[in-house]
Amino acid sequence: MSNKAMLEIKHYSKSYSGSKKAADDVSLTVESGDIYGFIGHNGAGKSTTIRAVVGVLDFTEGEIFIDGHSVKNEPLECKRVTAYIPDNPDLYENLTGIQYLNFIADVFGISAAERDKSIKQYAAAFEITDALGDLISSYSHGMKQKVAIISALIHKPKLLVLDEPFVGLDPKASFTLKEIMRKMCAEGSAVFFSTHVLDVAEKLCNKIAIIKHGRIIASGSMEELTGGHSLEETFLEADYE
Amino acid sequence: MNKNIILLKALLLSTSRMNTLKHCDDKKKRRKAVGAAIGTAFLYAFIMFYCIIMCIGYGHYGLIEQAPVMCALLISVLGFVFTIFKTNGYLFNFKEYDMLMSLPFKSSTVAACKFLYMYIKSLPWYLSISAAMLAGYGFYAHPSAAVYPIWIVLSFFLPLIPMLIASFLGFIIARISAGFRKTNIVQTVLTVIFVLACLSLRFVIEDIFTDNKVEQTLGSISSATGSAANYYLPVSWFSDSVTRLSATDMLFLIGVSVSLFAAVFLIVGKTYTKINSALKSHAASKKYRMDSQKTRSAVQTIAFKELKRMTGSTNYMVNVAMGELLAVIVGVLTLVLGLDKIISFILHGAPISADMLQPAIPFIVYFFIGMMASTACSPSLEGKNYWIIKSLPLEMKTVYQGKMLFNMYLTVPFMVIATLMMCISAKTPALDTALYLLLGITLCAFSTTRGCVCGIKHLKLEWENEIEVIKQSAAVTIYMLPNMFVTMALTVLVVFLGTKLDHKLISCAFIAVTGIWAFIDYKRAIKYGSEQDN
């Protein structure tokens with residue numbers, strides 16, 4: 001029995017005025033339970049696609065559906081079930097970590113008891129509890145990333161979208177995040193993330209898409225795609241072609 | 001809690017000084033926050049004092065009935081001008097756009113909350129004007145008790161309409177720019193054209209009043225403001241609400257403000273994502289071919305970096321280069337129309353001739369060019385990129401020398417062109433012209449070094465939005481306000497001295513004084529800059 005499609009990208013294209021297409025006829029499907037890796041060179045179109053998925057970037061060609069809702073026509077329904085962690089999170093620097101998390105929890109209407117539990121749990125897992133009372137401006141990049149991750153998790157999203165999530169995280173936090181991603185997918189959510197770290201993608205993902213010059217050049221389950229080779233070899237081979 | 005309130009609360013908290021004071025242990029930061037609060041309190045006091053003095057003037061001449069009109073006009077003009085410069089940066093193209101838009105907010109909610117944030121942040125300025133004028137009006141006009149609450153309540157609505165109009169114009173500029181590849185350049189050009197159009201409009205309106213033979217007295221100002229109320233209806237709605245206790249006018253002001261707010265954000269919300277996508281995207285042609293590269297000295301390369309920083313930001317370019325553009329426009333107008341005509345147009349026939357005004361030419365040009373120095377904001381604009389210059393094998397004095405050099409490159413050519421045009425128009429003798437040019441260049445050096453001292457002394461690297469640095473920082477305020485008032489006073493002083501002393505002598509004296517001051521400030525800038533090496 002096939003799983004429910006959490007994210008469907010259908011013939012999505014994006015071009016900026018007067019320049020080449022940043023994304024060209026991109027199509028892929030992320031089902032519940034999937035950890036879907038999105039890999040490609042710098043400037044290949046990963047972030048452009050991800051930003052369109054989370055409703056930050058407008059687009060005219062193609063369609064994107066999240067949990068059956070159109071990103072174009074029902075953006076709020078999509079955003080309610082999605083969480084996004086950008087590669088370089090721009091948080092409100094003059095809020096404290098806890099103020100920021102409360103802001104996100106308020107937006108998603110999370111009860112006091114539930115947010116207490118989630119924040120306590122994730123802050124402890126990412127070892128950031130002590131710093132939550134400090135201004136975000138005093139945080140390191142990794143600490144900001146941790147706050148952004150916690151804010152993404154506290155509303156229990158059905159689809160977690162991450163752009164280069166492991167950049168700046170310490171080894172323990174990277175491990176914790178990977179465990180959380182696995183747990184979320186085991187519980188029926190889906191994860192879609194871009195990365196340059198092929199080893200991580202190989203160990204973590206069950207599906208992969210490779211994007212080059214805005215076009216998907218290979219996609220499918222890890223086994224189908226690699227055919228017994230390493231992901232690195234597969235990526236370089238696909239890239240060479 | 002309503003989502004609008006949640007977002008608004010977060011936006012306000014994220015820039016609240018109180019929040020910084022409460023949660024920050026860094027004593028230096030806390031001191032800065034307290035200092036900024038005291039500085040702001042002084043400015044509030046200054047504005048209120050100015051408004052009370054204005055009311056005393058009205059009261060003294062029996063024109064106190066004009067106070068509500070003046071109050072409404074002042075708030076409306078300030079609301080409009082402040083908003084038009086802030087729209088790009090606050091409403092569009094802001095830093096945390098990705099984070100906010102990925103949350104379940106409607107586009108119109110984000111836009112409206114951003115507008116309300118601008119409104120609430122600037123409201124204390126408008127309310128301080130209103131409160132001071134209400135006090136003056138109350139003292140001289142002895143109105144009924146009902147006027148006080150009505151005045152206060154309506155003061156909250158007064159800035160809304162001009163701010164909404166300015167935001168909508170900013171939206172149109174952003175909407176048009178979004179259709180172009182070089183969005184930044186198009187946005188800058190449109191904003192400059194728009195600001196110049198507004199300035200011309202001011203003169204056209206003044207001209208209308210002048211044609212009506214309005215005398216140059218306080219009475220004429222009150223007639224002028226009265227006429228303005230006929231052109232801009234919210235002013236008369238406010239005035240009639242408080243002077244005649246007209247419920248219809250009250251309802252008009254409140255109703256139109258609220259309806260306009262709803263209409264503007266319904267329209268803006270429809271294309272908000274599209275506009276921001278375009279403004280935040282940078283087109284890549286990917287056509288570059290490696291060629292031989294140019295080399296520059298460290299100081300020159302910092303100056304070049306500053307140029308690219310300026311041309312890359314609409315806010316930076318509009319604020320820094322507007323004065324230069326205005327100086328050249330004034331120069332061209334003087335050349336085409338003649339200095340005498342310009343003087344009589346601006347001073348409405350005051351007994352000042354072109355000859356008398358000659359020694360003040362460098363100060364008049366400097367009034368525009370020195371209005372803003374890039375050096376006052378460029379140190380803070382480094383922001384998160386500060387690490388780049390700090391990690392380079394460069395002394396900080398070299399960095400600041402580069403920043404100062406850029407400001408000289410930016411100001412001197414415009415100063416020379418504008419001064420030359422005015423001198424030609426005024427038929428200034430060659431030697432006097434040379435001295436005025438030299439004085440102009442010395443003034444540019446002074447502006448550059450003064451700006452740099454302010455910029456380094458009040459360095460603020462942590463900011464959410466570059467507008468905070470370009471328009472609202474302590475460095476810019478401390479540079480700009482005294483510089484503007486002193487230049488105005490010096491212009492008057494020089495004209496006066498010119499009637500008593502030789503023009504060349506006056507110029508030489510000012511060249512010496514300004515040169516010495518510029519040199520002292522240069523040394524101070526280098527000293528403060530070098531302290532950052534440690």
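Why is strand β7 (residues 159-163) of chain A largely enclosed by the rest of the structure?

1. The model is predicted: local features need pLDDT of at least 70, side-chain atom pairs count only at pLDDT 80 or more, and totals for chains, interfaces and linings use all residues. Residues are numbered from 1 along each chain as its sequence is written, while chains are lettered from A and ligands numbered from 1 in the order in which they are written.

2. Strand β7(A) is largely enclosed because five of its five residues are buried (20 or more other C-beta atoms within 10 Å of a residue's own, with C-beta atoms placed from the backbone). Helices (H or I, at least four residues) and strands (E, at least two) are DSSP runs, numbered from the N terminus.

3. In a regular strand the side chains alternate between the two faces of the sheet. From β7(A), A:L159, A:V161 and A:D163 point one way, and A:L160 and A:L162 the other way.

4. Strand β7(A) pairs (at least two DSSP bridges) in the parallel sense with β6 (residues 82-85) of chain A over four bridges; A:L160 is the bridge partner of A:A83. Five bridges join β7(A) to the parallel strand β8 (residues 190-194) of chain A, where A:S194 is the partner of A:D163.

5. The contact between chains takes 32 residues from chain A and 34 residues from chain B, two residues being in contact if their C-beta atoms, placed from the backbone, lie within 7 Å. On the side of chain A that touches chain B, α3(A) gives the largest share, four residues.

Definitions and conventions
Buried ≥ 20, exposed ≤ 12 C-beta atoms within 10 Å, placed from the backbone.
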